[in-house]
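Hi,

Here is the model I promised to pass on to you. Have a look at it first, and then read my notes below.

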Amino acid sequence: MSAMPVAEVVKEQSMLKQKEMIAANYELLVTAREAGRKVVSTFVPGNLNELIMCFDMANNLPEINAIQNGMRKKSGAYIMEAEKRGHSEDVCTYVKADLGMIAKGNLGPDGRQLPDPDLLLLSYTGCFTFMKWFELLRQQYKCETAMLHVPYEGDGHASKNMRDYVVKQLKEEVIPKLERASGVKFDIDRLRQYLKESAKAEQDFVWVLESAKHKPSPIDAYFGGVYYIGPIFTSFRGTEDATEYYRLLRSEIAQRLADKLGPVTPDGEMHEERYRLVVEGPPNWTSFRDFWKMFYDEGAVVVASTYTKVGGLYDLGFRHDPEHPLESLAEYCLGCYTNRNLPSRIDLIEKYLNEYEADGLLINSIKSCNSFSAGQLLMLREIERRTGKPGAFIETDLVDPRYFSPANVKNRLESYLQMIEQKRHGAAPPSAAAE
Amino acid sequence: MSATADIVARCQGLFDDLHFTYAREWKAAVPGRKVVGYMPFYVPRELIHAAGALPLGVLGGGDQLEVIHGDAYYQSYICRIPRSTVELGVTGRLDFLDGMLFPSICDVIRNLSGMWKIMFPKVKSRYFDVPQNFRNDIGGEFYINELKELRDMLAEISGHEIGDDAIRASIALYNESRRLVREVYAFRSKQPWKAPSAEVYLLMRAGMILAVEEHNRLLQEYLAAAPLEDRPRHDNSRVVVTGAFCEQPPLNLIKSIELSGCYIVDDDFMLVNRWERSDVPLDGDPIQSLAFAYLHDSGDTSAKYEPDQKKKGLYLVESVKRNRAEGVIFAAPSFCDPALLERPMLQGVLAEHGVPYIAFKYAENSGQMQPIREQAGTFADSIKLWSDR
């Protein structure tokens, strides 16, 4: 989830490190065939990177490819290509961006061809569309598919039955298929080692997230946050590189805290923190910079976000556990944000609003993501009722540029921030800014 | 009025009644009775019945319900069934429900299960997950435990334990129900002019409301009466309608397809009523029987993973062959992820087998049928002109 910034005021060491890691990973992918390396495609929620590493496979994440294409303004054309080929305008734009990219030569974000996967690891976690996405890819690639059904926490918690089911599938379905695809025998001690590394990175990652509890917050936990989640959500969790990245990041943020600095933005330091927000929902990627600018131009910092939990929720205490490797992987999958029921998500947001002393909740509702979006209007009203803090509701999309209207978004955001201002000065706020 | 007309009139009355008077009266008739609602696509109604409760299919509000409150819960790019279901809920039309089940059909219904817990905290509600792994010792074990948890929830609602014998007795009744439904579908496929799809649809909708014993009798009555009707046979094209397994099409849409020159010889409107393909065994552990029937002897739909790529979509080709259909109509609700994401794959399989198809979208309250009639009519004509019939 990293961008290639057009112009950076200052490149922190962690940013440079991340850039290297991402470039190296794409290099691994595009040279996989020559190097005799096998490739597995999987999803960010339920990304079993440590397990994949046990088989020396390269981890390809179609969602990340879609995001990268979105940020490079390529996704619009890919989506239209997919729609021309019969994919509905109503469905997920990550899927269409991926299918369109494949139709146009499967060139990755850096312009080089991505390899066909040897295995599709269908980690069916927190999103119905995932099942259909990989069925579509399976039809395309005719390769082996491993289904890992991660049950939804409909009652707000993971049951023993759910955990046992996931573990059994890992043992009987996923690992055998990874062995077959890679030709490498599974070594559980290797997995333990990677999980040990993951836990270290997770510790520093959570510290970074929680640094936003300070005033001013040294980070933006949404726009900056999507960079911070990059290594831990993608092909690096479990690697020493990721551990090093988070160690570096933590030390940088610690220094920012000590210097009482706000977050770094594409336009430099943010000097005045005027508003502290919690944001629910993925960002828009095609106008990411413009979207971010609307916030920092107003002095609005996002202190907590739910999207930064989509690939794993660590700030409630979960850590990967090398002593119980498969159980731990199951626990990780079950706990990903969109696999939690709506009441749990609302509880989490309420907690963030209180613990991070936020002024309010902004929901960025994504047109093509029902997993996040269905129920968000109730969420908004429920949060307002519980906390007394005002909410805002904007509608954009992931990677379809047709669904980002900058004027509308800016207008809505400015009105919302004015509402917060009025509330601070004791004026009765107008009703919630949702339509 | 003919016997068929009487049956259809009764079914129409049940269909039109968005206050669910039948279910309310059923509940009031005997103290302690309970009603448990369920949404598409599948729940084991046997367990609800074995608890002594009435399973009530909640299929949204259709085109007769003006959605005022429900729209405040959903963005414009989400389908209509959750809005009208919320509307039914907040306007008190479902205030007699003691439980509500939300099957794992898509993320919208999934999230609605959480919304229901917040909006109606006194109603026991559950997201009902079905396995996507079909091994007895993996998905089977998981699902058996899910069914046991569901049984426990229903026991809590009903106030008494649900024994194996009660479950077996319910399975027997629903086996009969499924046999009768299959017989109606087979009759329609064989002589579609004698069983207009709008009638069959109403008959099946009645099955979502009536007690199974009563519906079984109604199905038998229809099977006795319908063949005796003197109805003209038209030179219509035989089609399978697919994609409408959750948010239901307006009745007028079904009528429009048939008025435009098609006979609908198979559909997927209410999958639950024929989900198990043959009788669920009555011997042994009934929970296990239900679980294994789901794993090995049940229908196909978008929300159910097909592990074998070579088999993906073949169920539709088989339906076309079995029902001597000449084409397929993909009728999907707007914004329906399961139907719309699935559609290109199914179309690809049909193309490989030389089966013609058309596609359109609808909403449960679509009113403008002329475009549907034109599209379906042109399709029917093209089949007549260019197929090998």
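Over all chains, the structure holds 70 salt bridges, where a salt bridge is a side-chain nitrogen of Lys or Arg within 4 Å of a carboxyl oxygen of Asp or Glu. One of them links E342(B) and K132(A), with the closest N and O atoms 2.8 Å apart. This pair joins two chains, because E342(B) lies in helix α13 (residues 337-352) of chain B and K132(A) in helix α7 of chain A. Helices (H or I, at least four residues) and strands (E, at least two) are DSSP runs, numbered from the N terminus.

Before you go further, a few ground rules. This is a predicted model, so local features need pLDDT of at least 70 and side-chain atom pairs count only at pLDDT 80 or more, while totals for chains, interfaces and linings use all residues. Residues are numbered from 1 along each chain as its sequence is written, chains are lettered from A and ligands numbered from 1 in the order in which they are written, and side-chain values use heavy atoms, with hydrogens and water left out.

Now the interface. The rule finds eight salt bridges between chain A and chain B. Among them is the one between K312(B) and E135(A), whose closest N and O atoms are 2.9 Å apart. Helix α7 (residues 129-141) of chain A gives the largest share of the side of chain A that touches chain B, namely seven residues. Sorted by class, that side has 22 nonpolar, 20 polar and 13 charged residues. (Ala, Val, Leu, Ile, Met, Phe, Trp, Tyr, Cys and Pro count as nonpolar, Asp, Glu, Lys and Arg as charged, and the others, Gly among them, as polar.)

In total, 55 residues of chain A are in contact with 55 residues of chain B, contact meaning heavy atoms within 4.5 Å. The two chains bury about 4700 Å² between them, 56% of it on carbon and sulfur atoms; buried area is the accessible area (1.4 Å probe) that two parts lose on being put together, summed over both.

What about each chain by itself? Chain A has 17 helices and ten strands. Its radius of gyration (taken over C-alpha atoms) is 21 Å, close to the 22 Å that the globule rule gives for 435 residues, so chain A is as compact as a globular protein of that length. That rule is 2.2 Å times the number of residues to the power 0.38.

Most residues other than glycine have a negative phi, and most peptide bonds are trans. The bond from K215(A) to P216(A) is cis, with omega near -5 degrees, and P216(A) sits in the loop between α9 (188-210) and α10 (225-233) of chain A. Another cis peptide bond joins P40(B) and F41(B), with omega about 15 degrees. K73(A), which is not a glycine, has a positive phi near 60 degrees.

Last, the confidence. Over residues 1-8 of chain A, pLDDT stays under 50, and over residues 431-435 it is below 50. Where pLDDT is low, the predicted coordinates should not be read in detail.

Cheers

Key. pLDDT is the predictor's confidence in each residue, from 0 to 100.
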